[in-house]
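Dear colleague,

Please find the structure below. My notes on the helix packing follow it.

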Amino acid sequence: MSNLLPLIRIGVFGTVSLFSFIVLVMSAHILSMARITIDFAALGVAVAVLTLLTLPVMLFLGRIRSGALPSFIAVELGWTGFLWVMWLASAGTTASINGSGGRCVDFGGASTLCGEVNAIEAFAFLNWLMLMGYFVVLLVFSFRAVQAGNNHIWTTSVNDANFEGGHNHAVHQPAHTSQYPPMSVAHA
């Protein structure tokens, strides 16, 4: 499964980016129709913009440049952890406004917004689940690699990581040098 992790990463980051774009458009539409600022829509716009500005960049840098700081597993864990918490907050605020069972509250007579609120809630929960699942899988694989002897796992990218243990082939270790100069053989 660890050799499938780069493909899972592409799938999760790509799908989350697509869903984030959908949430951005729908939340912006609700904000443009409302006479007041609606908290769940504003949070949806903010989290979607953060996601769209960072996940595609992390995905792109991880593919083209080995050793870039944004592609380190430690950075990726921190950022995806932050994003899944933000998507959970967005989904929760939308669900609290939306009521239980998908019933929409009346937004000043704009009943057409009810479907958009339901969609924002659904896509926010899906983004939360995908990012949290990826975060947990990456964290478990990274800890298993450390236990197997790969202490450099945190500073490698998912594409270059050796989750099976041992040293990473992407990390260059200096050659062993002796403290004594080589002995020369005298010819007699």
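**Helix 1 and its neighbours**

Arg9, Phe13, Ser20 and Val23 in helix 1 meet Glu76, Thr80 and Trp87 in helix 3; contact means heavy atoms within 4.5 Å. By class, this contact of helix 1 with helix 3 has three nonpolar, two polar and two charged residues. Here Ala, Val, Leu, Ile, Met, Phe, Trp, Tyr, Cys and Pro count as nonpolar, Asp, Glu, Lys and Arg as charged, and the others, Gly among them, as polar.

The model is predicted: local features need pLDDT of at least 70, side-chain atom pairs count only at pLDDT 80 or more, and totals for chains, interfaces and linings use all residues. Residues are numbered from 1 along each chain as its sequence is written, and side-chain values use heavy atoms, with hydrogens and water left out.

The axes of helix 1 and helix 3 (residues 73–98) come within 14 Å and cross at roughly 35 degrees. Axes are lines fitted to C-alpha atoms, for helices over the stretch in contact, with angles from 0 to 180 degrees between N-to-C directions. Helices (H or I, at least four residues) and strands (E, at least two) are DSSP runs, numbered from the N terminus. The crossing of helix 1 and helix 3 is left-handed (the near helix is turned anticlockwise from the far one by less than a right angle; clockwise would be right-handed).

With helix 4 (residues 113–147), helix 1 (residues 5–33) has an axis approach within 9 Å and a crossing of roughly 155 degrees. The contact of helix 1 with helix 4 comprises 24 nonpolar, five polar and two charged residues.

Helix 2 (residues 39–64) packs on helix 1 at about 150 degrees, the axes being 8 Å apart. Helix 1 is therefore roughly antiparallel to helix 2. Their contact divides into 20 nonpolar, six polar and two charged residues, and the crossing is left-handed.

**Record and confidence**

An unreviewed UniProt entry lists residues 12–34, 40–61, 68–89 and 125–143 as "transmembrane region"; such annotations may be inferred rather than shown by experiment. In the model, residues 12–34 are 96% helix and 0% strand, with end C-alpha atoms 32 Å apart.

The chain averages a pLDDT (the predictor's confidence in each residue, from 0 to 100) of 83, and 79% of the residues score at least 70. Over residues 168–176 pLDDT stays under 50.

Regards

Terms used: Angles under 35 degrees count as roughly parallel, over 145 as roughly antiparallel, 65 to 115 as roughly perpendicular and the rest as oblique.
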